[in-house]
Amino acid sequence: PYIKRVIFASTPHKGAEMADWLSVQIIGHLLFSPVDYYKEYKNTLMYLSKFTRTHNDRLIFGNAVDNLKPESPFIKLTYNLPYGKNVVLDSIIGDRYMDGHIGGTDGIVSYKSSHLNNAEYESVIKSDHHSIYCMSFAKEICYLLLKNVN
């Protein structure tokens, strides 16, 4: 009941096609330790919502790259998470080539994956996947925060 607005930044709501590439899979298995990650995950489950606890059996126990595959149980579960009726969704999406470009990519996450049909506000900024480091991103955040000051 306390959350009124969520601002997403370069968020792969529908996964990242790159996660299916063999080279990315090999690197993912070399760099990430799923045992440690999920051990910590299981320890924190008691603090998560009832929804997450009841759907835990649908999550896969792979690495972060596995969980970003468009068809992964994790992506399917999180994409369908319920938001409160009064929660406003905003999305800031990066595009490698230009501001306002619909249909591009930030190099990792495609516009198609970041786009939310139910977002109240959407902005596409010229940025790679590290959009949070761009001045354009900071300006969009400021705009959203100042626009909604009560």
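Let me begin with the rule for aromatic pairs: rings of Phe, Tyr and Trp (its six-membered ring) pair if their centres lie within 6.5 Å, and planes under 30 degrees apart count as stacked, over 60 as edge-to-face and the rest as tilted. What you see above is a predicted model, in which local features need pLDDT of at least 70 and side-chain atom pairs count only at pLDDT 80 or more, while totals for chains, interfaces and linings use all residues. Residues are numbered from 1 along each chain as its sequence is written, and side-chain values use heavy atoms, with hydrogens and water left out.

By the ring rule, the count comes to two aromatic pairs. One of them joins phenylalanine 8 and tyrosine 83 edge-to-face, at 6.4 Å centre to centre and with 80° between the planes. Phenylalanine 8 lies in strand 1 and tyrosine 83 in the loop between helix 5 (73–79) and strand 2, so this pair ties together parts that are 75 residues apart in sequence; helices (H or I, at least four residues) and strands (E, at least two) are DSSP runs, numbered from the N terminus. Phenylalanine 8, at 12% relative accessibility, counts as buried, whereas tyrosine 83, at 38%, counts as partly exposed; buried means under 20% relative accessible area, exposed over 50%, and partly exposed in between (1.4 Å probe, protein chains only).

Tyrosine 121 and tyrosine 143 form a tilted pair, 5.4 Å centre to centre with 40° between the planes. This pair links tyrosine 121 in strand 3 with tyrosine 143 in helix 7, 22 residues apart. Tyrosine 121 is buried, with a relative accessible area of 17%, and tyrosine 143 is partly exposed at 42%.
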